Amino acid sequence: MADEMEESMANQVSNSLDKTVLEKPIYQGIMAFATVEKFVSTSDKDYVPPKFPFDLPSFNRSSTFGVEMRKHFFLDLDNWTFLNHGAFGCVLKEALEAAFKWQCYAERQPVRFVDREMLPHLAHVNRRLANFVGCDPSDIVLLPNATFAINTVIKSIAWRPGDTVYFLNTCYYTVKKLFRHISSEHGVVLKEITITFPATSEEIIQRIKETLEEGTRLAVFGHIPSNYPIVMPVEEIVQLCHRKRVPVLIDGAHALGTLPLNLTVLKADYYVGNAHKWLACPKGCGFLCVSKDNQHMIKPLVVSSGFTAGFNSQFIWTGLRDYSPYLALNTVLDFWEAMGPDQIRQYNNTLANKAALMLADKWGTGLLSHADMFGPMVLIRLPEVLLDCVTRGYEDEPVKAHAEMVQAKLHYEFSIEVPVKLIQGKLHTRISAHVYNELSDYDKLCEAILIMTNDVCNNPAAYDTYKNYR
């Protein structure tokens, strides 16, 4: 089946290539980086997009959300209950196929594609993404992922000993590792502030107001933190930081596709995001948006041909690699525009909320924080007896590995993919909801946890079923 699909797609690309050759396209200069800035700064009225070398798939809203939408995703949903879209996303089937078409097209005449055609196409998708997130196309650049983007900002800053980086305990763990690195390299002071949940937006703002000092070199906040997936009040946070004259970076790894973004209105100094998570782009597509006041100091991690040609030009090409995830973003955005971004977000948020409240009720537990603070990811506390079991009656101090034991049991014995986390000393599961999910998926998780709970309560040897997952 895969071979037939590959052959079919290759034939389509071949036919499109022949047509393109016959059209005798207008000459384009080799690696014309000087034109990239023009491509991204031209007004919508005057901009002429490049012609695609093959037909892209079209979408229409003929399917209802839920099971019918599964045909659009590459997930093996026949064998798995997948409640972890928030981990690495899952790719839109048509987008993966489009990426393969771009790869095939490029390889049939790689010099022509890379030298003469690729930059206009990258600039075009850059413009489309800018429109989707509400910013000027000249302020946004495509990068492989949010981690890459955050490193780009952090490693561009000329740190001095004694400079302070401010962040919350909700900050993603790899970002904290980056902070520890620059602290050891440059003598930067790290100021981590703890937020205890449940907490309201007002309480979070007040905590930041009390602890953020003027003169802080950089403040970093997650828009929707991974381990604490509440929707943070970033508009108020950015305003507060700027009143204290503190530059602010927003980690929006989970925001693109889950929230309506208007980065021009938000006015964060730096904003990063992933397109491969909730937007469902092929892996290796993210972005960095930088305010014009800061663009002069931000440099790419890889210096290549476009360096010094302009802010966008220095990022658009970082050497020869596979750029198809960026180009497949055209197909992803076509899908979202056809299905309706507001409709997708409403379905996902409503389903996650309904499922979370159902689970908390059936398990006799609760949510990490107030229900209205979550989007399409929610943390629900697991029954206490599970942590009691995996720690052998708290003989062991609860650690991350104990949460992973419960997660592994769900994975291997129930074919349920959902993360389990140790938050504030309690086990929680973080459910995700996307358009391919239905409430019945969460019924399976509910039943699995009840079976595990019942086993712990009635089987003195229950720990033995977990210890192999340690």
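**Figure 1. Helix α9 and the residue that follows.** Helix α9 is followed by R245, whose phi is positive, near 60°. The model is predicted: local features need pLDDT of at least 70, side-chain atom pairs count only at pLDDT 80 or more, and totals for chains, interfaces and linings use all residues. Residues are numbered from 1 along each chain as its sequence is written, and side-chain values use heavy atoms, with hydrogens and water left out. Helices (H or I, at least four residues) and strands (E, at least two) are DSSP runs, numbered from the N terminus. Within α9 (residues 234–243), V234, I237, V238, L240 and C241 are buried, that is, under 20% relative accessible area, with exposed meaning over 50% and partly exposed in between (1.4 Å probe, protein chains only). These residues cover an arc of only 165° around the axis and therefore lie on the same side of α9; the arc is that of the directions from the helix axis to the C-beta atoms. An α-helix has 3.6 residues a turn, so residues three or four places apart point the same way. The cover over the buried residues of α9 includes α8 (201–211), β5 (218–222), β6 (248–252) and α10 (263–266).

**Figure 2. The open sheet of 7 strands.** The strands follow the order β2-β8-β7-β6-β5-β3-β4, and the pairing is mixed; two strands pair if DSSP finds at least two bridges between them. Because β2 and β4 (189–193) stand at the edges, each with a single partner strand, one side of each is left without a neighbour in the sheet. On average, neighbouring strands of this sheet are turned by 20° against each other, direction ignored. Strand β3 (residues 164–168) and β4 run parallel and are joined by 5 bridges, with T164 having V189 in β4 as its bridge partner. Helix α8 packs on the sheet, touching β3, β4 and β5, and its direction makes about 160° with that of β3. Axes are lines fitted to C-alpha atoms, for helices over the stretch in contact, and angles run from 0 to 180 degrees between N-to-C directions.

**Figure 3. Strand β7 and its partners.** In β7 (residues 270–274), 5 of the 5 residues are buried. Y270, V272 and N274 lie on one side, and Y271 and G273 on the other, so that both faces are covered. Strands β6 and β7 run parallel, with 4 bridges between them; here I250 stands opposite Y271. The pairing of β7 with β8 (residues 286–290) is antiparallel and spans 5 bridges, and Y270 has V290 in β8 as its bridge partner.

**Figure 4. L142 in strand β2.** Residue L142 belongs to β2 (residues 140–143) and counts as buried because its relative accessibility is 7%. Neighbours within four places in sequence aside, L142 is in contact (heavy atoms within 4.5 Å) with L122, V125, N126, L129, C285, G286, F287, F315, Y326 and L329.

**Figure 5. The open sheet of 3 strands.** This sheet has the order β9-β12-β11, with antiparallel pairing. Strands β9 (377–381) and β11 (420–423) stand at the edges, each with a single partner strand, so one side of each has no neighbour in the sheet. Neighbouring strands are turned by 35° against each other on average, direction ignored. Between β11 and β12 (residues 426–432) there are 4 bridges in the antiparallel sense, and K421 has H428 in β12 as its bridge partner. Helix α14 (residues 341–363) packs on the sheet, touching β9 and β12, and its direction makes about 5° with that of β9. Helix α16 (residues 400–414) lies across β11 and β12 and runs at about 155° to β11.

**Figure 6. The nonpolar cores.** A nonpolar core is a set of buried Ala, Val, Leu, Ile, Met, Phe, Trp, Tyr and Cys residues joined through side-chain atoms within 4.5 Å. The largest one has 128 residues, of which V133, F221, L329, I431 and L445 touch the most other members. Helix α5 (residues 110–133) supplies the largest share of this core, 11 residues. Apart from this core lies another, of 28 residues, among them A146, I154, I182 and V272.

Figure 7. For C446, the nearest cysteine sulfur, that of C457, is 15 Å away. C90 counts as buried at 5% relative accessibility, and C446 counts as buried at 4%.

Definitions and conventions. Disulfide = S-S within 2.5 Å.
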